[in-house]
Amino acid sequence: MNGTRSVPTTLPTMILKIAFRNIFRQKRRTILTALAMVVGFALLSLTIGLSDGAYGGIIEMFTRNRTGHIQVHREGYLDKPSLYKTIDNLSAVGEAIQNTADVEAWTQRVYGAGLGSVGEKSTGVQIIGVDVAREIQATRFDNKVIEGSILAEIASHEAVVGKGLAKILSAKVGSEIVIFSQGADGSIANDVYKIVGIAESGDDITDRTGCYLHIEDAQELFVLEGRAHEIVVIVSNINRVDKVTSEIEANLSDSTLDVAPWQVIAKSFYRAMKTDQQGDAISRWVIMLIVAIGVLNTVLMSVLERTREYGVLKAVGTKPVQIFWLVICEVVIIALASICVGALLGILANYLFSIYGITYPEEITYGGMKLKTLYAEVNVRSLYIPAITVMLSAAVVSLFPAIKAARIMPAKAMRTH
Amino acid sequence: MEQVQKADVIVTAGVTKVYEADGVPVNALNGIDLTIRSGEFTAIVGPSGSGKTTFLNIISGLDSPTAGSVRLAGKVLSEMSGNELSDFRRDNIGFVFQAYNLIPVLTVEENVEYIMLLAGVPKAERHDRVIAMLEAVGLEGVADRTPTQLSGGQQQRVAIARAMVSEPQIILADEPTANLDSKTGADLLVMMRRLNTETGMTFIFSTHDPMVMEGATRLITLRDGRIDTDERR
């Protein structure tokens, strides 16, 4: 005989060999099973990629435009903002933040409420004193100015008003706005500023009330020289916000200052995002269910078709548990191959959508943020969640056919044609 | 000359099997009491539906009786778990089926080797025994072929090699020559008789084939699930 070919060494090797050969023997069924898994994986991956891309985009836009990633305030300011709760040692705090790893940019702000008047029209305004150069770097302040120009980098009694506020006050670039308020020392604060620009932040409330002044003008108006209410920090990677927050806290070592990440600063926004993301989990379950049903159907058919073979295997002494593992092995091998192909497709789809995106027919608003295009994100989550889902659903649904095959009565099975 | 007393390898007592066919009970076996001794070359004959295959299935533990007991190589089959029964079949019984029933995805060599793998026989020994067994059944040149690449006679030879390679006490063969031409059937019968004589294995056939009946040392006739005649030659 031609006995030169090496024979498998162990029973598990032989079981694996039978599993592999069965997979290739029933090509059409294998392709159908694999197709259900591959399509399921790719769909799930794309769903996660688009979802993460959308949420990532919204969060990035929200934090970049408004809150920043981390904020520093005087203790209690976030719960109850007050003109008097200021960060006093600004230069030392600024230096500590600057020296923290992963800090990309930071800026300081002064906030105050007042009455704004242009001509004969008046309304309540939110004065935001900004460090122009830093604000541009941190929150792309220059991009918000849609008409006119940005504030000068040196305090020049200039103002940029929100689009909505300009409409309420019938203000135009070149108009003068008079602001009445109260200084931190109790004095009446009032001054005149030339409107040099109209801004649109994407947040309607800010645009209806926001009046941006140079920080030094605002400090002068509120008698807050050398002080600010808020320091906004931008980190190089939003996923490291918690770590950077802790590091800033440690670097400042000042118990009178609160250092908070954006999830704390914008609690309601963060909760809304989380709830929305949980809603997305339902669509993932639906996809998983479709994959599972497809796999169950094909595996069950495959087992039924081979009832006679399982009967023979049992008749010659194969234990029920070994037949059980044979069926599981076949499904797991198909699942592993499907995961590899699905991962390639998922990465490709997410990559393409991360570049070209999906443009909405009309701009949509989420949490005051306006979105025109939805971009996907290529990340690890969009690979490991579908991988676990496909593998688990395949393994779980193959349990029933595997048990069925293992419990076959050989005599009855061998009568099957 | 002193007569050597051979051991009883199969003892059945009151073996009964009732099937449900469309809700109607059908008595396939009606209380069969039978003892088969070691080394016998037994043919079980009878018309279709007389219970031959059912009887073989029950004495090998492939099926369970509705009533009665089977003692095989000293063990009562009904007292064994599924796993114990698998091990017991693997170690004590070799099967040859009418439809060959080889594992289609394995080669001839792997089909014969498979049972030894289940039994944990070391690789080198497996290899030697596979070679010897395939030589014994005249299949030296087809070790790498799959069952679909073989003729019916060759497939049945592989089945015989698979049944005998682990040197079981008993070979059960259900209509082993039914799908073969008369010459191939005769060759196989001669080969099995030789193996029976050389190794002392017990062979039990169910058959309609007069040639098999002729070669048997014991002929049991079943009719309506009962033993009609039992003749030793």
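In helix α4 of chain A, residues 132-139, the buried residues are Val132(A), Arg134(A), Glu135(A), Ala138(A) and Thr139(A). A residue counts as buried if 20 or more other C-beta atoms lie within 10 Å of its own, as exposed if 12 or fewer do, and as partly exposed in between, with C-beta atoms placed from the backbone. Helices (H or I, at least four residues) and strands (E, at least two) are DSSP runs, numbered from the N terminus. Seen down the axis of α4(A), its buried residues fall within an arc of 160 degrees, so they line one face of the helix; the arc is that of the directions from the helix axis to the C-beta atoms. An α-helix has 3.6 residues a turn, so residues three or four places apart point the same way. The cover over the buried residues of α4(A) includes α2, β2 (103-118), β3 (121-130), α5 (141-144), β8 (210-214) and β9 (230-235) of chain A. After α4(A) comes Arg140(A), with a positive phi near 50 degrees.

This is a predicted model, in which local features need pLDDT of at least 70 and side-chain atom pairs count only at pLDDT 80 or more, while totals for chains, interfaces and linings use all residues. Residues are numbered from 1 along each chain as its sequence is written, and chains are lettered from A and ligands numbered from 1 in the order in which they are written.

Helix α2 (residues 27-67) of chain A also packs against helix α14 (residues 381-406) of chain A, at an angle of about 145 degrees and with the axes 8 Å apart. Axes are lines fitted to C-alpha atoms, for helices over the stretch in contact, and angles run from 0 to 180 degrees between N-to-C directions. Among the residues that make the contact are Met37(A) and Phe41(A) of α2(A), and Leu383(A) and Pro386(A) of α14(A). Two residues are in contact if their C-beta atoms, placed from the backbone, lie within 7 Å.

Ser255(A) lies in the loop between α9 (241-252) and β10 (257-261) of chain A. Ser255(A) is exposed, with 8 other C-beta atoms within 10 Å. Its C-alpha atom is separated by 22 Å from that of Ala266(A), 11 residues apart along the chain.

Between the chains, the contact takes 26 residues from chain A and 30 residues from chain B. On the side of chain B that touches chain A, α2 (82-92), α3 (108-119) and α4 (123-136) of chain B each supply at least two residues.
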